Amino acid sequence: MEDFESTTEVLGFAPLQETREKKQLCLVVVSGTEKGAVFPLAEGATTIGRSAQHADLVVTGRGLSRTHARIVVTDDLVKVEDLGSTNGLFINGQKTLDGVMAAGDTLTLGPDVQLRLDASVESIQSLLQELRRGATQDSLTGLLNRRSFLDRLQEEMSASARHSLKACVAMIDVDHFKSVNDTYGHPAGDAVLVGVAQRLNSGMRGEDTLARFGGEEFAVLLRHTDLDGGLILLDRLRETVANLPFDVPTPSGTETITVTFSAGLTLLAGKDTQKRVLERADVALYEAKRTGRNRVIRRTGEE
């Protein structure tokens, strides 16, 4: 009960009796870009890694393998097994190929990501998840917010510089968005932003990051991608948005409109700072707007 009582004290609640609610095993991210995330664990086997295509539980962080580890929950045991990861698996700081965990134990995957096995009542887990969503996600679109994107970008820049990896950043801006609000009203503008977010998200790879950066602007981080690959992906997303009309609410009923976006794409360079990367992507975005909109302009780190 000690761990549970300390959790409730932090949240400002009196401790609940254990018999009132069912306890649920979960993994809580205590360090890494997703710090504060809560992942409930079901009975049986769950694979953990950075790839949505290969892992059941996707965790973002430097040094994680596509399928890094397997965790198996039974009635009386929680077993963990390394799946041949590049950077290893550590239980309570000790490197191991497999082991058993108890509530309060830590699981470290790679150099940055540490998770704690927790057993708390489901309502507390739900509240923790809701608090984290409010801090990291955009309330309208459900995408990551600006602060979370900048955290991911900083991590990727460090990894790219250290391991000579390629990665691209793109800034996306919905064309003529002000006229949508002026003509059809702000609910229509909100519907467009939600629709654009959904179409962008559906076309992204599992390892990429998409965020609402502010207003009608979105930011994209493309991992392990050069400028040619980034341009192909961004052009495909641009065509998806432009070729599928949006149904939006208006004071006179539902209207069908078409929307396009412009984008600026740049490659991360070895000595880049966040400011320089974003400025370079913004310059490319401005050029896309200036030269006719509904297009993607790219810039290298040397330009």
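**Close-up 1. The side chains of R238 and D235 form a salt bridge, with N and O 3.0 Å apart.** A salt bridge is taken here as a side-chain nitrogen of Lys or Arg within 4 Å of a carboxyl oxygen of Asp or Glu. The model is predicted, so local features need pLDDT of at least 70 and side-chain atom pairs count only at pLDDT 80 or more, while totals for chains, interfaces and linings use all residues. Residues are numbered from 1 along each chain as its sequence is written, and side-chain values use heavy atoms, with hydrogens and water left out. Both R238 and D235 belong to helix α6 (residues 227-243), where they stand 3 residues apart, about one turn of the helix. Helices (H or I, at least four residues) and strands (E, at least two) are DSSP runs, numbered from the N terminus. R238 is buried at a relative accessible area of 14%, whereas D235 is partly exposed at 23%. Buried means under 20% relative accessible area, exposed over 50%, and partly exposed in between (1.4 Å probe, protein chains only).

**Close-up 2. R238 also forms a salt bridge with E239.** The closest N and O atoms of this pair are 3.9 Å apart. E239 is partly exposed, with 41% relative accessibility.

**Close-up 3. A salt bridge joins the side chains of R299 and E287, at 3.9 Å from N to O.** R299 lies in strand β18 (residues 296-299) and E287 in helix α7 (residues 274-290), so the pair ties together parts that are 12 residues apart in sequence. Both partners count as partly exposed, R299 at 22% relative accessibility and E287 at 25%.

Close-up 4. By the rule used here, the salt bridges come to a count of 14.

**Close-up 5. Helix α3 comprises 18 residues, 146-163.** From its first C-alpha to its last, α3 reaches 26 Å, close to the 26 Å expected at 1.5 Å a residue; the expected span is 1.5 Å times one less than the number of residues. Buried residues in α3 include F149, R152, L153, M157 and A159. Just after α3, S164 takes a positive phi of about 55 degrees.

**Close-up 6. The cysteines C26 and C168 are buried.** Each has a relative accessible area of 0%, as computed for C26 and for C168. The structure holds 0 disulfides, a disulfide being a pair of cysteine sulfur atoms within 2.5 Å.
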